[in-house]
Amino acid sequence: MPIPSTYSFTRYLSAKKSVDDRALNQQVWQSLAAALPHVTTEQPLQILEVGAGLGTTVERLYAGGMLTNAVYTAIDIEPTLIAEARRRLPQWAAAQGLQVRQDSQEQLHVQRPGQDIKVEAEAIDLFRFIAREQDQRAWDLLIAQALLDLVDVPTTLPALLSLIRPGGLLYCPITFDGGTIFQPEIDPELDVAIEACYHQTMDRRLLAGKPSGDSRTGRHLFVHLQATGAEVLAAGSSDWVVFAGSNGYSADEAYFLHFIIHTMHTALTGHPDLDAGRFTAWMAQRHAQVEQGTLVYIAHQLDLLGRVSAPLGDTKK
Ligand SMILES: C[S@@+](CC[C@H](N)C(=O)[O-])C[C@H]1O[C@@H](n2cnc3c(N)ncnc32)[C@H](O)[C@@H]1O
């Protein structure tokens with residue numbers, strides 16, 4: 001595909017789905033399926049997803065047989081993404097042969113015999129959500145996919161875990177962990193410098209004056225979870241690996257690659273450690289490699305499944 005002249009985060013998240021489908025760690029996924037509590041129509045599984053984007057995790061959990069009776073709360077700070085999730089999910093549910101009812105603008109209700117799933121989607125900042133819901137509601141499962149590397153984990157994680165019921169689960173897949181690899185090499189020295197500077201932008205990111213990111217969030221999660229008293233039930237890598245086969249890149253993955261390169265270009269423009277001319281030429285060459293179908297992109301990420309501690313004698317799995 002030609003180099004896009006404009007970029008859409010919504011299209012990027014949609015293009016990311018097939019990349020995530022390949023990347024998600026199957027052992028962690030199976031551990032999640034095994035750890036979920038038994039649910040009934042009267043006692044549905046209460047799931048909260050923060051930074052839910054387009055709601056693609058609803059589709060994936062359903063396909064994996066993990067959504068039978070569930071109330072799924074999906075929040076994201078971006079109203080345009082929540083609007084797109086509200087547009088996509090009814091279409092997806094109808095395509096699954098589910099009976100679709102819109103209970104309200106926020107709540108989608110899908111059913112078939114033996115299945116009853118409510119999806120509530122809300123555009124709200126997760127810190128405002130935590131402040132509003134703490135001590136009001138508790139979820140069986142909290143999902144944060146491709147999110148924790150964007151926040152200050154030492155302060156955010158305890159607040160997020162406070163929304164999980166004792167003994168409940170935290171699933172945080174696609175958590176970035178310090179590897180951004182492009183092949184073929186252009187200039188080994190510049191390739192390494194660009195990767196290092198890009199990771200540095202994550203490590204130095206400030207939002208409202210506060211640290212908001214860590215390029216090695218995945219590996220650091222073990223210690224952060226331990227510090228909260230949570231147990232790591234399963235962990236494994238979920239690297240993105242994107243390459244062109246004989247028919248080119250899969251699905252919309254050429255767009256996904258152009259978007260990643262554009263994001264790095266934006267983040268690094270004007271970086272004092274990078275020569276502007278060589279940097280611009282490098283970016284142009286990476287876009288050209290996508291057009292030619294020669295670019296291979298690998299991002300190192302981890303999936304973790306944790307359980308928050310339950311009081312002694314709590315028997316609900
Ligand atoms: C990399 S995207 C991942 C989206 C989705 N989880 C996925 O994997 O397709 C990160 C998402 O987190 C959302 N986000 C970032 N900061 C947030 C915050 N403070 N509160 C709620 N959502 C946030 C962004 O709007 C974005 O949709």
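Of the 19 residues around the ligand, those that come nearest are Lys16, Gly51, Asp76, Asp125 and Gln145. A residue counts as near if one of its heavy atoms lies within 4 Å of the molecule. The model is predicted: local features need pLDDT of at least 70, side-chain atom pairs count only at pLDDT 80 or more, and totals for chains, interfaces and linings use all residues. Residues are numbered from 1 along each chain as its sequence is written, and side-chain values use heavy atoms, with hydrogens and water left out.

Lys16 places a polar side-chain atom 2.7 Å from an oxygen atom of the ligand. Gly51 uses a polar backbone atom, which is 2.7 Å from a ligand nitrogen atom. Asp125 has a polar side-chain atom 2.7 Å from a nitrogen atom of the ligand. Taken alone, the ligand exposes 590 Å², and the protein buries 89% of that area. Accessible areas come from the Shrake-Rupley method with a 1.4 Å probe.

Two or more residues of the shell come from helix H1 (9–23) and from helix H5 (126–133). H1 gives the most, with 3 residues. Helices (H or I, at least four residues) and strands (E, at least two) are DSSP runs, numbered from the N terminus. By residue class, the shell divides into 11 nonpolar, 3 polar and 5 charged. Here Ala, Val, Leu, Ile, Met, Phe, Trp, Tyr, Cys and Pro count as nonpolar, Asp, Glu, Lys and Arg as charged, and the others, Gly among them, as polar.

Aromatic rings were examined next. Rings of Phe, Tyr and Trp (its six-membered ring) pair if their centres lie within 6.5 Å; planes under 30 degrees apart count as stacked, over 60 as edge-to-face and the rest as tilted. The count comes to 15 aromatic pairs. Trp240 and Phe256 form an edge-to-face pair, at 5.1 Å centre to centre and 85 degrees between the planes. Trp240 lies in strand E11 (residues 240–242) and Phe256 in helix H9 (residues 253–268), so this pair ties together parts 16 residues apart in sequence. Trp240 is buried at 6% relative accessibility, and Phe256 is buried at 0%. Buried means under 20% relative accessible area, exposed over 50%, and partly exposed in between (1.4 Å probe, protein chains only).

The ring centres of Tyr255 and Phe259 are 6.4 Å apart and their planes meet at 40 degrees, so the pair is tilted. Both residues lie in helix H9, 4 residues apart, about one turn of the helix. Tyr255 and Phe259 are both buried. One aromatic cluster includes Tyr7, Trp240, Tyr255, Phe256 and Phe259. Arg11 lies over the face of Tyr255, 3.9 Å from the ring centre. A charge sits over a ring if NZ of Lys or CZ of Arg is within 6 Å of the ring centre and within 35 degrees of the ring normal.

Several backbone features complete the description. A cis peptide bond joins Gln183 and Pro184, with omega about -5 degrees. Pro184 lies in the loop between strand E7 (164–183) and helix H7 (188–203). Ile174 has a positive phi, near 55 degrees, in a residue other than glycine. This residue is found in strand E7 and is buried, with a relative accessible area of 1%. Ala208 also is not a glycine, and has a positive phi of about 50 degrees. Ala208 is found in the loop between strand E8 (206–207) and strand E9 (210–211), and counts as exposed at 82% relative accessibility.

Methods: A polar contact is a pair of N or O atoms within 3.5 Å; within protein, one must be able to donate a hydrogen and the other to accept it, and residues adjacent in sequence count only if both atoms are side-chain atoms.
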